[in-house]
Amino acid sequence: MDSPHSGSLNQAVELLRVETELFTLYVSGRPFHPTVEALQLHRSADQEWVNAQLGLVCSERLGDVQIKVFSPETYGLVDWQPGETVFPCFYETQSYELVIESKTEVKLSFYHDNVLLRQAVKPLGGSLLAGVLNFGNEVGLTEWEIRSEGQQLLRVEMEIFPSKMDYKLDYQNILNEVNAQIYNLAFDFLRRTYQLTGLRETQHQSLTEFFTILQYIFRQLLDAVERINKNPNYALLQDRRLVDANRVKKAGRENIRELAKHPERLREDMNHGFITIGNRSYAATHLMETRKRLGYDTNENRFIRWMLERIHGKLKELKTRWKTKSRTADPLLIKRLDSMLTQIERVLKMDFLREAGVLKQMSVTLVLQMAPGYREVYRCYLMLLKGLSIQSDLFRLSMKDVAQLYEYWCFLKLNQLWGRSISW
């Protein structure tokens with residue numbers, strides 16, 4: 001593996017350039033981190049650099065796009081195509097200069113979910129956007145966009161590497177240990193004692209709280225779904241099809257417009273013709289027939305199906321995690337989980353739920369709030385709302401901060417060691 005050029009650790013170079021018909025984007029900074037080089041981090045067993053992720057999504061408005069990335073082999077920019085890996089040159093606590101030079105009168109703006117990064121890039125004059133990006137202690141993937149009048153022109157996804165630990169080994173191992181410790185703590189609710197608790201508002205509900213609440217409302221939830229099954233919400237749908245005129249029982253007025261558009265469906269019939277054009281009478285060979293039917297693919301039924309599927313997934317996750325833990329087998333708990341899974345699978349096979357499609361947008365309708373059965377299901381949903389988004393969302397949001405992650409790991413590790421010393 002080639003070592004960095006002499007003096008390159010403190011030298012800023014161009015790391016990314018995106019040439020489009022509307023603008024040119026430059027990102028520059030130090031491609032190497034002194035601490036990373038001193039500790040020889042982010043290398044494979046063969047001392048080769050690990051690969052970093054880079055992704056760009058370009059709007060058609062940009063026209064021809066040329067992308068160049070930094071290469072340590074040439075110590076300069078090389079052509080890059082989507083899907084190719086790149087050299088890891090973006091690090092935590094290190095600053096990178098971003099410059100966007102407009103080629104037209106299109107007004108450009110920079111967007112990032114983090115308000116501090118969003119404010120760091122500002123317009124300079126009428127044709128430049130410039131600023132310094134520093135991701136602090138956060139590592140992992142980050143996304144930012146170049147927009148025009150609120151519409152996305154370019155989205156860039158890059159990977160930020162830690163500077164004091166190996167990203168693919170140390171960081172992932174610590175993250176896995178923190179996850180394991182959290183779930184070990186969560187499973188303590190299955191021990192010998194319990195406390196009576198009430199519902200409370202919380203931002204991050206644990207697996208313990210979710211399962212406890214679910215057991216409390218599970219029977220109510222199934223009873224509500226059974227009640228809905230007797231009189232489910234429906235939509236009145238109309239099916240229109242072209243059939244032989246002799247088989248149509250009732251022809252609607254829409255056939256007049258259809259026949260005007262399709263005169264080939266008319267034949268001359270002086271005896272039974274019902275359309276007169278000049279001195280000739282015509283009858284239709286085919287007519288449009290409209291039939292009404294009940295459809296259960298409503299937003300309310302989609303919501304119920306989505307909720308039951310989410311609960312089913314969480315119960316399966318709980319069962320899998322319990323089995324993988326080195327604890328005394330508990331056949332009663334497994335039997336209880338299997339029973340709950342079976343009952344959910346049974347109600348999901350009900351006709352009105354089988355016809356329900358994928359929930360695309362959540363909206364609180366009057367049916368959910370007031371209709372018998374639906375209002376009970378919606379109340380159960382409100383009680384489970386936080387529990388349906390346990391741990392995974394918490395880690396996705398907060399575990400990118402290396403310093404905070406390390407604090408969690410130290411605390412949980414001490415907790416684990418303290419527990420072992422007591423058991424001895």
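**Close-up views of a predicted model**

**View 1. Seven strands form an open, antiparallel sheet in the order 5-4-1-2-6-9-8.** Strands are DSSP runs of E, at least two residues long, numbered from the N terminus. Two strands pair if DSSP finds at least two bridges between them. Strand 5 (76–79) and strand 8 (121–124) are the edges, each pairing on one side only. From one strand to the next, the twist averages 20°; axes are lines fitted to C-alpha atoms, and angles run from 0 to 180 degrees between N-to-C directions.

The model is predicted: local features need pLDDT of at least 70, side-chain atom pairs count only at pLDDT 80 or more, and totals for chains, interfaces and linings use all residues. Residues are numbered from 1 along each chain as its sequence is written, and side-chain values use heavy atoms, without hydrogens and water.

**View 2. Strand 8 meets strand 9 (residues 128–134).** Four bridges join the two in the antiparallel sense. Leu124 stands opposite Leu128 of strand 9.

**View 3. Phe23 and Leu25 touch the most other members of the largest nonpolar core, which has 45 residues.** Such a core is a set of buried Ala, Val, Leu, Ile, Met, Phe, Trp, Tyr and Cys residues joined through side-chain atoms within 4.5 Å. Buried means under 20% relative accessible area, exposed over 50%, partly exposed in between (1.4 Å probe, protein chains only). Strands supplying at least two residues each include strand 2 (23–29) and strand 10 (140–148). Strand 11 gives the most, with five residues.

**View 4. Leu236 lies in strand 12 (residues 235–244).** Leu236 counts as exposed because its relative accessibility is 55%.
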